Amino acid sequence: MNPQSDDEIVIECREAGFAVNGGRELVRSLNLEVRRGETLILLGRSGSGKTTTLKLINRLLDPTSGEVLVEGRATTAWDPIRLRRHIGYVIQEVGLFPHMTVARNVGIVPELEDWEEKRVQARVQELLRMVGLEPDEFAGRRPRELSGGQRQRVGVARALAADPPILLMDEPFGALDPVTRSELQQEFRQLATRLARTIVFVTHDVREALLLGTRIALLAEGRLVAVQTPQEFLRANDPEVRRFVASLGPLQTEG
Amino acid sequence: MNVFEYMNQNRGEVLELTLQHLGMVAVALLLAVLIGIPLGIMLTRRRSLQQWVLGAANVIQTVPSLALFGFLIPVPLLGVGPRTAIVALTLYALLPIIRNTYVGIAQVEPAVIEVARGMGMTGGQILWLVEVPLSLPVILAGIRVATVIAIGTATIAAAIGAGGLGEYIYRGVAGPKNYLLLAGALPAALMAVIADASLGWAEHRLRSR
């Protein structure tokens with residue numbers, strides 16, 4: 001990491017830590033910077049603190065030590081509602097509201113923001129097309145009438161609805177079959193480039209991290225092990241990084 | 001005399017008592033819904049109060065209905081008549097409504113709530129846009145149970161001069177006259193069956209949304 005970088009820093013963790021009531025630390029003295037427009041991957045095993053880190057950013061959790069800054073301001077100084085509407089949030093497929101249509105799911109944040117009905121409708125149509133779902137066919141459906149991949153597309157559309165500059169994604173493609181996952185990853189890569197959002201993306205899948213990340217932050221037991229570009233990651237000497245690279249299997253490591 | 005002959009000859013009175021019965025039940029249920037749903041919601045926010053509130057509602061449920069009616073008569077502003085009956089019926093209806101509201105909201109998928117918080121919904125928005133709509137079938141099931149209980153229990157209201165179809169039942173017991181018993185019991189049973197079926201249908205509609 002280079003603190004003198006000219007790139008604007010959108011999210012910054014300064015010695016951020018989070019401990020549960022019993023004192024167990026899920027995240028420890030985390031120092032991390034996310035620059036405008038990049039896709040930063042939080043990679044790690046289960047329980048390494050990836051999701052906790054994500055929740056520290058949109059203030060679903062407050063750090064118990066240190067601080068997390070979003071656009072230069074500590075999350076604890078933000079009104080949590082304002083902060084969260086400023087940040088799109090996508091989680092594994094359970095996140096859609098089962099009692100609302102696809103259109104309402106996508107339009108819910110603009111609706112909360114008191115957009116005019118017509119503007120919400122137009123935005124919903126635009127977003128559904130963008131994620132590859134024909135509005136005439138899908139707008140009126142319920143989440144349970146969609147496939148896993150379609151639900152995830154709706155989830156992405158919903159997170160983008162109010163045009164947030166920051167996007168948090170927690171294993172968004174984790175529950176999908178390998179073929180659908182690969183399709184969505186490819187589409188997401190194009191979308192991320194086109195939209196130029198600042199994205200923090202949680203995954204335990206190295207392949208996904210290498211494919212989608214501008215940089216990869218590897219976490220282990222609540223600590224940051226390394227932050228590297230995908231190229232650096234493949235060549236790194238750190239043992240935990242090596243273990244992740246090795247999990248790719250012999251074919252991929254040759255590249 | 002045959003029950004149907006009797007009811008036919010006394011159509012006016014049957015109708016009046018049926019409407020009285022229905023009126024007591026409707027007012028009591030409305031009150032129970034207005035009190036029970038907010039209480040149930042409150043329990044999901046302060047789970048420590050759960051054992052106290054549900055415990056109290058449970059205890060009320062165990063008091064024999066005739067005794068509960070009796071206990072309420074000396075209460076100021078109540079006395080003998082429909083007001084006491086309505087209060088007693090409301091108290092009985094509370095437990096299923098509070099419990100089902102609590103259970104209904106508590107069983108909403110935590111991930112759905114978390115994503116609602118994550119997208120910047122306020123507590124009130126989460127409640128009205130997510131938690132209540134998702135628990136509506138369960139809440140309605142509670143109202144349905146409460147309704148059937150209230151229709152049955154309201155027959156006892158006649159014992160404290162509140163009228164309703166219980167009038168016929170008491171007269172029938174005193175007789176003893178079977179056709180009078182039936183003139184009270186049949187319409188009450190029919191009312192319960194219709195209420196149960198229509199609320200069951202509404203519940204089913206909500207579930208299959």
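In chain B, residues 24 or more positions apart account for 73% of the contacts with a separation of 6 or more. Contact here requires C-beta atoms, placed from the backbone, within 7 Å of each other. The model is predicted: local features need pLDDT of at least 70, side-chain atom pairs count only at pLDDT 80 or more, and totals for chains, interfaces and linings use all residues. Residues are numbered from 1 along each chain as its sequence is written, while chains are lettered from A and ligands numbered from 1 in the order in which they are written.

Chain B contains nine helices and zero strands. Helices (H or I, at least four residues) and strands (E, at least two) are DSSP runs, numbered from the N terminus. The order of elements is α-α-α-α-α-α-α-α-α. The C-alpha trace of chain B spans about 70 × 40 × 25 Å along its principal axes. Of the 209 residues in chain B, 41% are buried. A buried residue has 20 or more other C-beta atoms within 10 Å of its own, with C-beta atoms placed from the backbone; 12 or fewer make it exposed, and values in between partly exposed.

Chain A holds an open sheet of four strands. The strand order is β2-β1-β4-β5, with antiparallel pairing. Pairing requires at least two DSSP bridges between two strands. Strand β4 (residues 65-70) of chain A joins β5(A) through two antiparallel bridges. A:Leu69 has A:Ala74 of β5(A) as its bridge partner. Helix α1 (residues 50-57) of chain A lies across β1 (9-19), β2 and β4 of chain A. This helix runs at about 60° to β2(A). Axes are lines fitted to C-alpha atoms, for helices over the stretch in contact, and angles run from 0 to 180 degrees between N-to-C directions.

At the interface, 16 residues of chain B contact 13 residues of chain A. Helices α6 (110-118) and α7 (123-153) of chain B each supply at least two residues of the chain B side. The most come from α6(B), with six residues. The chain B side comprises eight nonpolar, four polar and four charged residues. Ala, Val, Leu, Ile, Met, Phe, Trp, Tyr, Cys and Pro count as nonpolar, Asp, Glu, Lys and Arg as charged, and the others, Gly among them, as polar.

The buried residues of α6(B) are B:Val112, B:Val115, B:Ala116, B:Arg117 and B:Gly118. They pack against α2 (80-85) and β6 (87-90) of chain A, together with α7 of chain B. Just after α6(B), B:Gly120 adopts a positive phi of about 90°.

Definitions and conventions:
Contact = placed C-beta atoms within 7 Å.
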